[in-house]
Amino acid sequence: MDHERDTDPIDNDNDEIEQITYEPDEIEISADSLVVATDILPSQLPIIPLRPRPTFPGLLIPLAANGPLQMAAVRHAMETASRTVGLVMVREMDEEDSPANIYRVGVVAKILKVLHNDEETIHVMVNCFDRFSITEMLDSPKVLLGRVNYHFAPELSVNPELKAYSMAIIATLKELVQINPLYSEEIKMFLNRSSMDDPGRLSDFAANLTSANGDELQQILETFDVRKRIDRVLVLLKKELEVSRMQAKISRKIEEKVSAQQREFFLREQLKAIKKELGLEKEGKTTELEKFQERLEKLKLNDEAARVIDEEMEKLALLEPSSPEYTVTRNYLEWLTCLPWGLFSKDSYNISRARKTLDRDHYGLEDVKERILEFIAVGKMKGDISGSILCLVGPPGVGKTSVGHSIADALGRKFFRFSLGGMRDEAEIKGHRRTYIGAMPGKFIQAMKSVGTANPLIMLDEVDKIGASFQGDPASALLEVLDPEQNNSFRDHYLDVPFDLSNVLFIATANQLDTIPRPLLDRMEVIRLSGYILEEKLEIAKRYLIPKTLKNHGLTKTQVSIQKTALKQIIDGYAREAGVRTLEKQIRRIMRRSAMAFAEDENLVKISIGKNDLENYLDKPVFTAEEVFEGTPGVVTGLAWTSLGGVTLQIEASAMLAKSKGFKQTGQPGKVMVESSEIAYSYVTAHLKDFGGDPDFFDQHFVHLHVPAGATPKDGPSAGITMATALVSLITGKTVKKRLGMTGELTLTGRVLPIGGLKEKTIAARRAGLKTLIFPEDNRKDYEELPDYLAEGLKVQFVKTFDDVYKVAF
């Protein structure tokens, strides 16, 4: 059974207490119903256990019986004429109701009214009379029944000592009322039902008013001597008074603090309003903090970044602006709040729009465009293109960087480019630690700040020219950035919090793959841009280069025109490289001299530049026509790949009578090329009879192999069959077919191995006017992927062994 004092100011924290509300008017106690307790109180009482505190005589309290034994006790009492129950506190709050778990002293109470009755709880209003002691617990399985002795309040004569004690209790109660006005309501209710002249009732009321624990109150209840009871109650009242004073003191402090904060807040708001009206500048630190806070409202930070920023904001608020640490912290927060945490631009996966964008910006490169469109199509089906790293490989000037620009435009992403060429410090990638003076984040974090979105396109130019030094290896630092499994929590040394780079589309560019570290290359998908043939360069010049150059020089197409024959001559004689950069330079030279002519002659209306006028604008041609020497034994045309594109090589072999055999190579061949020439020499020597040559030829001759031009270093294995063919032509005196070019690696057993750069070599063959080409059989699939316009007019023979080469060449 749980009970509460009506309007009790002290809360008892016990989940089992159930608050009962009632109206005093509902309880009707007529004068006729009042009888002397000794006349009606039975010797046996049904016992209701109380939690968490006992009750006292003279109180009117609500009770809630919420257990089988408690509800049975109420029902038992209601069936008797006296309607009385015994209210006894339990010894252990957590244990169940039982005879062993209750004290032996309690209070007898009469049930005045049943307020609520259901299957789980009975709510009643009871009036407490007097103390009793349990002499014996009776054996009853359904209800707790006890035989009791009553301890009725004695009729005391009012003597000075008891009056003094009563006055002391009253004085303490007055102090409590001053501190906590809620006590006054209970005192009024007590005065309506009792008198201050009864010290026993007064002490019981005062004890019930305190917030003492149940054991202390039970001790008061068991004190039958009024004099001793008053002593103990006074001690409890003094404790309650001290607790109330402490509560009041704490409340005052909290109120003062809140009032001070409110006052400060109002004053600050007024100050802000005044400064705003007067146009006065805010305090520097306040302005900085507000700026950072305003930025943070737009960002979606991860947990670690949010925690670090909160800590740094609190630190900045405490630092003086003159402190060196203030500047460091402010700069750190500046970087943290400027980054696009969780801010993304919307990707566009419109394939037709992407195709139009690529065609608008680039002519040719159909295979590259198709590969990029496939890449975008996968992104459309997947929903994102995160985790993709492309590497565009090709000679200078073929449009690798501009292709990256076009991809960014097609996807609707922000574009950022930086060059890795010559980078030697890993701090350029991962940033400097904040302990260093002038520390700043690495290039990737700078890029994210610059573009303002978390999913830009970042182009890494010249990835094949990255360096290494004692300061670190940037290529190794790039491994984390370009790894889709790791870059979702990229940790820059300066920021020292994880930043998600997984939504960034990385595109690297390189002229060659040989110098890119293998672990780095494995993370990238390679797309090759081989270069342009004459027809493609012609269209690029007409569509892009000439209009752009005219605009940059303040000229119009009605003032300066370049004839088609002149453009072809510029491409063939002045700009023969794979890209169009040199071609653009030559067109700029023409425009500069044209601008000079217009500036000097105001009557000049138009300049038309033909093939015969080029030497007046561009001086003598840099390149002469690639002459293919034919009709001479020992001379064979080979095809080679360089970083500038494909070229033709004239392999020349000559023999001199000598007492002993010998072999020599000139023309700056590299180590691999020297080995290829030695393999060709050994193979031809071993098969002289098969080719119809003199078996003693090499024993009597010193053989010299030359690869013009001598000033240009050359290397690679793909000239093996060309050098072997030149030696066979030399010893047999036969010449090879006209307009024949070849490429392929030769082994000692005569097998022909595949080569690289087939497209570039085909372009070089077309430029040189070759008609018949010999390629390794294993390169057939590469040749079949070439555009039709490249293969048009060419007769290509695919060979597996040198015997096949011999049949085609001779």
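Which side chains meet in a salt bridge with an N to O distance of 2.8 Å? In this predicted model, they are the side chains of E480 and K430.

**View 1. Salt bridge between E480 and K430.** The pair links distant parts of the chain, with E480 in helix α16 (residues 474-481) and K430 in helix α14 (residues 427-430), 50 residues apart. Both E480 and K430 are buried.

**View 2. Salt bridge between D409 and R360.** The closest N and O atoms of D409 and R360 are 3.9 Å apart. Distant parts of the chain are again linked: D409 lies in helix α13 (residues 400-411) and R360 in helix α11 (residues 351-361), 49 residues apart. D409 is partly exposed at 38% relative accessibility, and R360 is partly exposed with a relative accessible area of 49%.

**View 3. Salt bridge between R330 and E334 within helix α10.** The N to O distance between the two side chains is 3.8 Å. R330 and E334 are four residues apart in helix α10 (residues 324-338), and therefore separated by about one helical turn. R330 is partly exposed, with a relative accessible area of 22%, whereas E334 counts as buried at 17% relative accessibility. Salt bridges with shared partners join E288, K291, R295, R330 and E334 into one network. The structure holds 33 salt bridges.

**View 4. Nonpolar surface patch formed by M246, I250, I254 and V258.** Together, M246, I250, I254 and V258 have about 350 Å² of accessible area. I250, one of the patch residues, is found in helix α7 (residues 226-278). With a relative accessible area of 44%, I250 is partly exposed.

Conventions:
Residues are numbered from 1 along each chain as its sequence is written. This is a predicted model: local features need pLDDT of at least 70, side-chain atom pairs count only at pLDDT 80 or more; totals for chains, interfaces and linings use all residues. Side-chain values use heavy atoms; hydrogens and water are left out. Patches are made of residues with over 30% relative accessible area and no salt bridge: like charges are joined within 9 Å, nonpolar side chains (Val, Leu, Ile, Met, Phe, Trp, Tyr) within 5 Å. Accessible areas come from the Shrake-Rupley method with a 1.4 Å probe; for residues, only the protein chains shown count as cover. A salt bridge is a side-chain nitrogen of Lys or Arg within 4 Å of a carboxyl oxygen of Asp or Glu. Helices (H or I, at least four residues) and strands (E, at least two) are DSSP runs, numbered from the N terminus. Buried means under 20% relative accessible area, exposed over 50%, partly exposed in between (1.4 Å probe, protein chains only).
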